[in-house]
Amino acid sequence: MIIALASDHGGFELKEKIKEHLEDRGYQIMDLGTNSNDSVHYPVYGRLCAETVASGEADLGVVCCGTGIGISIAANKVKGIRCGLCTSVEMAHLTKQHNNANMIALGGRTTDENLAIQIVDEWLDTEFEGGRHQTRVDMLDEM
């Protein structure tokens, strides 16, 4: 499985921690940047990661900015992307189980790195429930 990662400067350090953890878990990583704490624009990286997932170059995506809000908004502008901003393990579970999120967003300034790792793991380890949720996911994908 290929997981694309991207961040702006506010999420750079968290992205690097997530990248290391995912590589340790055996995932293939596409690091789309940014590559430092130097100021950059989150819409560029949110869109890049989302386009990479939507095109099938990567299976899933994780994006980080200062709060996760801006970069999740950017990612969700790309057709076929369902990016959930997750601030808890429960949200990570439900965004996969009910929404079949193909991306998640995290806040580098608002989420402790240990919690972020737990969130990512829960999201990756949770299966989409389907059923009544599939109809809703199909509706989202048609938008």
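The largest pocket of this structure holds about 180 Å³ of space. The structure is a predicted model, in which local features need pLDDT of at least 70 and side-chain atom pairs count only at pLDDT 80 or more, while totals for chains, interfaces and linings use all residues. Residues are numbered from 1 along each chain as its sequence is written, and side-chain values use heavy atoms, with hydrogens and water left out.

Rolling a probe the size of a water molecule over the atoms shows where empty space is left. A pocket is an open set of points, on a 1 Å grid over the protein atoms alone, where a 1.4 Å probe fits and protein lies on both sides within 12 Å along at least five of seven lines; lining residues have an atom within 4 Å of a point. Grid points are joined across faces, edges and corners, and the volume is the space filled by probe spheres set on the points.

The lining of the largest pocket consists of 14 residues, and N76, I81, R82, L140 and D141 lie nearest its centre. Strand β4 (83–85) and helix α6 (132–142) are the elements that give two or more residues to this lining; helices (H or I, at least four residues) and strands (E, at least two) are DSSP runs, numbered from the N terminus. By residue type, the lining divides into 6 nonpolar (Ala, Val, Leu, Ile, Met, Phe, Trp, Tyr, Cys and Pro), 5 polar (the others, Gly among them) and 3 charged (Asp, Glu, Lys and Arg) residues.

Attention now turns to salt bridges. A salt bridge is a side-chain nitrogen of Lys or Arg within 4 Å of a carboxyl oxygen of Asp or Glu, and the whole structure contains 8 of them. One of these joins K15 to D31, with the closest N and O atoms 2.8 Å apart. This pair links distant parts of the chain, since K15 belongs to helix α1 (residues 12–24) and D31 to strand β2 (residues 28–31), 16 residues apart.

Because D31 lies in strand β2 and K19 in helix α1, the pair ties together parts 12 residues apart in sequence. A network of salt bridges links K15, E16, K19 and D31.

Another salt bridge brings together the side chains of R132 and E129, at 3.9 Å from N to O. R132 is exposed (over 50%) at 53% relative accessibility, while E129 is partly exposed at 42%.

Technical notes. Buried means under 20% relative accessible area, exposed over 50%, partly exposed in between (1.4 Å probe, protein chains only).
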